[in-house]
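Grab the viewer and follow along.

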Amino acid sequence: MAQKLGSIGFFTTYRPPLPVDLYSLSTIPSPSELTVGLTDGKSYNYNGQVIPPAALKLMLKRPMLASVAAEADVDSGRLFGLIMGSERSNGLETLHIVLRLRDKSPVIFSFAEVYGTYNEVRMEDSGVIAGEYLVYVTTKDPAPARRQPWTAVYRTHLVTGETRRLTPQGTADLSPAVSPDGSKIAVASFQGKNGGWQGEIEGLMTNIYVFSMNDPSKRTMIIKNGGWPSWGSNNVIFFHRKLDDTPGGNWGVFRADLRELSSITISQVTPNSIKAITPAAIDENTVVVGTIRKSSKFSDRQKDTDQYRQIEIFDSTGQKNPVPITKVNEKTAMADHFNPFVIPQNSGGKRIGFHCGVVDLKNPAEVESQELMNLKSPISNLGLFRVSGVFPTFSKDGTKLAFVDNEFSAVWVTDIKGPLRIVHQADKPNSVFSPVWSQDQEKDILYFCNGPSFTARSPVDIMAIFDASTVNPSKPTPVVNDGFNNAFPSSNPDGTRLVYRSTNGGGTDLHKNLYIREEAHIAKQEQEITVTRLTNGAWTDTHCDWSPNGKWIVFSSTRDKPANAPVSDNDLDPGYFAVYLVAVDNPTVVIRVIHSGPDFAGHVNHPFFSPSGNSIVVASDLAAVSCDPISLPLFTHSVRPYGDIFTVDIDPEDIQKNKDIQTFNRMTHSKFENSTCTWTVYSTDTPGGSWNLTLNQPHTLQCPFAYPDGSQGWQMTGHLIIPNSLC
């Protein structure tokens with residue numbers, strides 16, 4: 001048996017802290033109409049599509065599905081079927097089949113298990129029926145280049161299970177849509193886009209291509225700069241597009257008439273004054289979309305209905321007023337609603353499906369969320385789990401965990417003996433971040449940063465909590481408080497020294513370098529503290545971690561950023577972060593370990609050593625994006641444009657052998673942004689392990705996630721809204 005490598009823990013930004021589920025409403029809802037749930041209410045369920053009766057009959061030939069229903073149930077209208085994304089299988093974001101007999105609870109199956117397609121770590125999304133096939137997106141195939149999407153469109157035959165890639169090799173596609181006659185597929189593609197993905201956060205500026213189901217090699221670009229296609233008829237496609245280059249600017253839904261491919265007619269359906277996204281065609285003149293009619297800001301503790309993402313129906317002829325779907329009933333209006341889809345009814349009418357956050361309306365201010373969520377790992381002897389808090393950090397022996405909350409206002413601690421508890425509460429949000437345990441577990445010291453995150457112009461102090469896991473932890477004591485912006489501390493193995501990054505000496509441009517503070521384990525200093533500068537340059541060195549053997553420090557840096565690189569990108573950090581090693585005893589020895597794009601654009605951030613020191617885990621955009629980000633919860637500013645979790649193996653003895661390592665392991669495949677990561681000796685598959693109990697124990701979340709009247713706060717959508725993103 002291979003030696004256990006411990007586990008990697010990480011936080012996911014923009015993923016709602018509470019599950020989302022699929023619901024429906026009628027196309028003309030009344031104020032008293034309540035949403036109808038479409039699944040069993042378990043796990044995270046999203047991006048649903050109806051399975052038509054003919055396809056449902058074919059699927060019932062598979063033995064697993066035949067155990068639930070028969071073709072007669074389809075003919076009688078008793079059986080309803082959906083294909084959806086869900087996280088219920090090993091924590092992966094994959095496709096699932098929902099079968100629901102009238103008056104019975106739905107039964108849900110993993111699509112991969114039913115059809116035997118692929119059982120390794122990957123993401124699957126955007127499933128849609130095309131005649132005898134299911135067409136969908138998967139990230140199972142690596143992209144040929146770094147910082148490019150792994151997303152490709154596949155099809156699987158509903159009877160035989162035969163599976164084929166439809167996206168050409170070297171190309172990435174998103175959001176497949178099937179024409180009503182099942183003969184053509186439209187995709188949002190990076191094909192024809194110079195350089196492919198280039199770090200776009202909101203508007204991907206993909207192109208819409210159409211190809212035949214029978215010959216997917218012949219592709220035609222019909223729309224430049226468009227996404228999320230939806231067929232209104234065999235000759236009409238609706239799509240969305242960002243209306244300008246302003247960060248957080250408005251979006252519009254458009255209609256393209258394809259009857260004359262040489263002169264395609266494109267008309268805007270929605271007004272310029274709103275965000276209109278993720279269209280789903282009802283017919284060639286009518287489309288249902290997600291809308292945000294009024295902007296919101298961080299200080300809005302409770303929004304009005306127009307600030308939430310609502311669902312509305314628009315008439316492209318302009319002869320009818322928009323029809324609100326989710327805003328009619330006050331109990332459904334005060335929440336965000338995502339990615340509508342159309343549900344044909346046996347009576348000939350239609351309903352509108354969507355997904356939104358799940359709240360127990362009987363007591364909405366007290367809802368449960370798992371502290372740790374176990375995920376399937378691509379490496380069999382390495383565990384993987386998501387932590388519900390930001391900047392997770394484990395003690396060296398794996399018995400203690402700390403993190404900060406989504407608002408960056410409190411430091412939380414838990415261990416295998418005690419419950420989840422707050423050891424420091426700030427008096428306002430955005431005041432604490434980046435906790436880290438001393439590597440000497442006997443010292444029981446927890447360091448954290450005290451001050452606003454992601455703004456270099458404000459002072460930030462590094463504080464220490466002594467006896468942090470006891471019933472009487474000390475009050476925070478400053479260990480670095482020189483008036484500069486100091487952050488991301490990490491102790492040496494014996495816990496006596498602390499490395500951190502600082503704007504000290506950074507001049508008016510606020511460059512950041514690494515410093516080492518001596519005697520960081522002593523609460524009170526009787527003499528002057530010794531601080532040594534480790535790196536020195538006009539760059540940003542940050543996110544540092546001291547190696548288990550004490551010889552090296554790993555950190556993220558912009559030191560190889562090209563001279564012509566932009567200062568910012570849409571008012572955001574433009575990236576150009578790579579990961580480096582520096583020798584503690586000889587800081588002139590600096591080795592670049594891994595970078596993202598070929599011109600060093602992109603982000604490789606938050607490096608952290610494995611307990612053995614043989615590997616490093618990072619959060620990075622090495623795999624670009626895995627969905628159209630505007631279909632996710634909106635955000636004002638991103639900490640990083642996008643990211644998944646990766647590992648890179650290193651030589652722990654010879655630093656020179658670690659220069660520009662070319663191979664890496666993609667650990668997570670997610671639509672969301674997996675960010676701050678850590679590595680612990682704790683193994684998620686240890687039988688009877690104490691932490692395994694925590695993996696299965698929910699804890700209660702309090703406001704501001706949900707309000708007593710049933711409305712949802714902005715935190716419900718997973719928003720982590722940061723005033724600036726200079727880390």
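**Hidden spaces and a histidine**

Reader: How much space lies in the largest cavity?

Author: This is a predicted model, where local features need pLDDT of at least 70 and side-chain atom pairs count only at pLDDT 80 or more, while totals for chains, interfaces and linings use all residues. Residues are numbered from 1 along each chain as its sequence is written, and side-chain values use heavy atoms, with hydrogens and water left out. A cavity is a set of points on a 1 Å grid over the protein atoms alone where a 1.4 Å probe fits but cannot get out; points are joined across faces, edges and corners, and the volume is the space filled by probe spheres set on them. For the largest cavity, that comes to about 220 Å³.

Reader: Which residues lie nearest the centre of the largest cavity?

Author: Lining residues have an atom within 4 Å of a cavity point. The largest cavity has 18 of them, and nearest its centre lie S434, P435, C544, F608 and C677.

Reader: What volume does the second largest cavity have?

Author: Its lining counts 13 residues, with Y46, H355, L632, P633 and F672 nearest the centre. The volume of this second largest cavity is about 120 Å³.

Reader: Is H669 buried or exposed?

Author: Buried means under 20% relative accessible area, exposed over 50%, and partly exposed in between (1.4 Å probe, protein chains only). H669 has 9% relative accessibility, so it counts as buried.

Key:
1 Å grid on protein atoms, 1.4 Å probe; cavity = no way out; pocket = protein on both sides within 12 Å on 5 of 7 lines; lining within 4 Å.
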